[in-house]
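Me: I am new to reading protein models and would like to go through one feature by feature. Please give the general idea each time, then the case at hand.

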Amino acid sequence: MKIGVLGSGIMGNGIAQVFAMGGHLVVLVDIDGRALHNAREKIEESLTKLSKKSNLDVQVVLGRIQFTTDKTALVNRDLIIEAVTENIDVKKKVFQELDELCHEHTILASNTSSLSVSEMAMTTKRPDRVCGLHFFNPVPLMKLVEVVGTEQTSADTLNTVQEVINTINKESILVKDTPLFVVNRLLVPMLSEAIFLVEEGTASVEDIDKGMQLGASHPIGPLWLADMIGLDTLLFIQEALYENTGDSKYKVPMLLKEMVEAGHLGRKTGKGFYEY
């Protein structure tokens, strides 16, 4: 398929990479030329690491990706995945623009981890061809994609995207358009409870993580994972879940708010629950 990816940040460049690795021709679009340059470097670095464990040809895969600031390059794509900032108003505007720009057969998908795909779909004239494709970070390594269907998404659209996901060495689960879908709906309360344990002084960061690794066979501890996700991202997701459900079990720990306010966001800033 001819793939378009809008937004060249950490998720966008990862999505572009895995589709190119799967043999698809990809257009990666961003309004910021510098961001595109950084994305190309990140993709090349990632491919180089992967090539040491396989017969992957870095330059061949890179050659399948077009990096551009020109949105009109998306016109003839079969599938476009937006990976712009996690803001519903921004995403709705993007979907409206893509709907007007692209051929009527184009499937429009969002990589959102928490926002309503239905709201995005209703800004278009093709709600039957709109879905969510929630990839997980880091995209080249994580096997799962949540395929999110709204009440309007057609069975043909869902079948098509599930088939293309199979071509990029990923597996998918089909979920309804509900707050946080499945994985984050289950994951966020666990991460939150781990933060409450730190806040209460019940155990150290290291021992909480060790407990879940050795006691529940988790590959990494919840606080290490929170740092990897980004504490600002976790805060945003949890606030969205609490706002959408009103359920007290999703209450946000004060410690999480304080760490984000202090700029301690995890691995990306060099400090979170651990120092990097």
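Me: Where is Ser217 found?

Reply: Ser217 sits in the loop between H8 and H9. Its phi is positive, about 60°, although Ser217 is not a glycine. This is a predicted model, in which local features need pLDDT of at least 70 and side-chain atom pairs count only at pLDDT 80 or more, while totals for chains, interfaces and linings use all residues. Residues are numbered from 1 along each chain as its sequence is written, and side-chain values use heavy atoms, with hydrogens and water left out.

Me: Is Ser217 buried or exposed?

Reply: Buried means under 20% relative accessible area, exposed over 50%, and partly exposed in between (1.4 Å probe, protein chains only). Ser217 has 64% relative accessibility, so it counts as exposed.

Me: Which loop holds Phe181, and is Phe181 buried or exposed?

Reply: Phe181 is in the loop between strand E8 (171-176) and H7. It also has a positive phi of about 60° without being a glycine. Phe181 counts as buried because its relative accessibility is 3%.

Me: What should I look for in helix H9?

Reply: Look at the buried residues and what they face. In H9 (residues 222-229) the buried ones are Pro222, Leu223, Leu225, Ala226 and Asp227. They pack against H7, helix H8 (205-216) and H10; contact here means heavy atoms within 4.5 Å. After H9 comes Gly230, with a positive phi near 110°.

Me: Which residues line the largest cavity?

Reply: They are Asn184, Leu187, Val188, Leu191, Ile229, Leu234 and Ile237. H7 provides the largest share, four residues. For residue types, Ala, Val, Leu, Ile, Met, Phe, Trp, Tyr, Cys and Pro count as nonpolar, Asp, Glu, Lys and Arg as charged, and the others, Gly among them, as polar. On that basis the lining has six nonpolar residues, one polar and no charged.

Me: What lines the second largest pocket?

Reply: This pocket holds about 240 Å³ of space. Its lining has 13 residues, and Ser114, Leu115, Ser116, Ala240 and Asn244 lie nearest its centre. H10 gives the largest share, five residues. The lining divides into five nonpolar, four polar and four charged residues.

Me: How many residues does the largest nonpolar core have?

Reply: In soluble globular proteins, nonpolar side chains tend to be buried together. A nonpolar core is a set of buried Ala, Val, Leu, Ile, Met, Phe, Trp, Tyr and Cys residues joined through side-chain atoms within 4.5 Å. The largest has 34 residues, and those with the most contacts inside it are Phe19, Val26, Leu28, Leu79, Ile81, Leu133 and Phe135. Helix H1 (residues 10-21) gives the most to this core, six residues. Another core, of 23 residues, lies apart from it, with Leu187, Leu191, Ile237 and Val252 among its members.

Me: How many disulfides does a search of the whole structure find?

Reply: A disulfide is a pair of cysteine sulfur atoms within 2.5 Å. The search finds zero. Cys102 is in none, and its nearest cysteine sulfur, that of Cys131, is 14 Å away. Cys102 is buried, with a relative accessible area of 8%, and Cys131 is buried at 0%.

Me: Which residues does Thr153 touch?

Reply: Not counting residues up to four places away in sequence, Thr153 touches Pro127, Asp128, Val130, Cys131 and Leu158. Thr153 lies in the loop between strand E7 (144-149) and helix H6 (155-166). It is buried, with a relative accessible area of 10%.

Terms used
1 Å grid on protein atoms, 1.4 Å probe; cavity = no way out; pocket = protein on both sides within 12 Å on 5 of 7 lines; lining within 4 Å. Helix = DSSP H or I, 4+ residues; strand = E, 2+ residues; numbered from the N terminus. Points joined across faces, edges and corners; volume = space filled by probe spheres on them.
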